Amino acid sequence: MKALVYTAPLEMSFLDQPEPSAKENESIIEVEAVGICGSDMHAYQGHDARRVPPLVLGHEVCGRIIEGPDVGSRVILNPLITCGYCHYCQTGRFNICSNRTMIGMNRPGGYAERVAIPNQCLVSIPDEMNPVLAALTEPAATGLHSLVLADRALMRPVDECRALVIGAGSVGLLTALLLAHRGCRQIEIAERNPLRRQPAEQENIGRVYDPIDEVTDNDVFDLVIDCVGGEKTRQLAMAAIAPGGVFVHVGLMDNNNGFDARKITLAEITVIGAYTYTTADLASAAEKLHHGAYGELQWIQTRPLSAGSAAFAELLQGEIAAPKVVLLPGS
Ligand SMILES: [Zn+2]
Ligand SMILES: [Zn+2]
């Protein structure tokens, strides 16, 4: 089969690869659509020690089962493979499983015509669901999971909150769209990249601005979701959040300063780390995507898998405005 292989830093090669073989309790999926994630970009630049070339990346997969117990069904994949027996799995917190591995990291991913995956990772989708939309389930579920955690900590329902989302990549934008769908009364989106602001502005759900050039209101947002996770964005979040507010930290850009311990204490800020999603979050996100909760998502760009190498290069150069590029092995 053909696959897009990460062969060296800054090098993606469209190559013949051996067919995947299903081990016990695994299925083979014919890939219909697979998104390019920020973490794939990170790996492509040689910045992820866990993703060692040569490796087939890609974990935002929609496809059809061609071998396994449920042949013919259409699915999206939970790329996280969890053990089921550790303390975290047994208490339902699968996303922080101590023994988790991942497709596109510890084993071949979805930038291929076919991929093998444990049956426990399969999430059914309706037979008529648009595969390109379904490939956005993973970033949508990341945002949805952050709201699931925020809901538990907010004193008032989300529709009564003022929310700031930092970063208008796919996770940030999908999170903001879900907030809008839930009736959040004020949404602002902070994004430095003017190309990235365009699709966010077109969604017309609230103010979209450059936090360097324009002023962020301080001490007013009941909910701040940082989908960048850098020192500067944490500083922005800490200043913007209202006393008693909830700050959800999603992005993983750097690990340095930016938290304001005095404000966290004196203003009783709840700080929550949100990592990926559970299978329940993925199922919920797929359902919402299919039923239009996120709108049309006309900003999604598609490319044939065979042209994936150029897509990576253009994304790296910042030449693509689309918050999400989806690769199609069948075209
Ligand atoms: Zn992803
Ligand atoms: Zn586990």
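Four donors count as tetrahedral if all angles lie between 85 and 135 degrees, as square planar (and six as octahedral) if opposite donors are over 155 degrees apart and all others between 65 and 115, and anything else is irregular. In this predicted model, the angles among the four donor atoms of the zinc ion (ligand 2) run from 104 to 118°, and the site is tetrahedral. Its coordinating atoms are the SG atoms of C83, C86, C89 and C97, at 2.3 to 2.4 Å, where donors are N, O and S atoms within 2.8 Å of the metal (3.2 Å for Na, K and Ca), and water is not among the atoms, so sites may look incomplete. Along the chain, the donors of the zinc ion (ligand 2) follow the spacing C-x2-C-x2-C-x7-C.

## Packing around helix α4

Helix α4 (residues 137-153) packs with helix α5 (residues 170-181) at an angle of about 55°, their axes being 8 Å apart; axes are lines fitted to C-alpha atoms, for helices over the stretch in contact, and angles run from 0 to 180 degrees between N-to-C directions. Helices (H or I, at least four residues) and strands (E, at least two) are DSSP runs, numbered from the N terminus. The two helices α4 and α5 are therefore oblique to each other, given that angles under 35 degrees count as roughly parallel, over 145 as roughly antiparallel, 65 to 115 as roughly perpendicular and the rest as oblique. Residues in the contact (heavy atoms within 4.5 Å) include P139, G143 and L147 of α4 and V171, L174 and L178 of α5.

The axes of α4 and helix α9 (residues 279-290) come within 8 Å and cross at roughly 115°, and α4 and α9 are therefore roughly perpendicular to each other. Among the residues making this contact are E138, A141 and L144 of α4, together with D281, A285 and L289 of α9.

## Backbone details in two loops

The peptide bond from P53 to P54 is cis, with omega near -5°, and P54 lies in the loop between α1 (38-44) and β4 (60-67). N25, a residue other than glycine, has a positive phi, near 60°, and is found in the loop between β2 (11-16) and β3 (26-35).

## Basis of the values

Residues are numbered from 1 along each chain as its sequence is written, chains are lettered from A and ligands numbered from 1 in the order in which they are written, and side-chain values use heavy atoms, with hydrogens and water left out. Local features need pLDDT of at least 70 and side-chain atom pairs count only at pLDDT 80 or more, whereas totals for chains, interfaces and linings use all residues.
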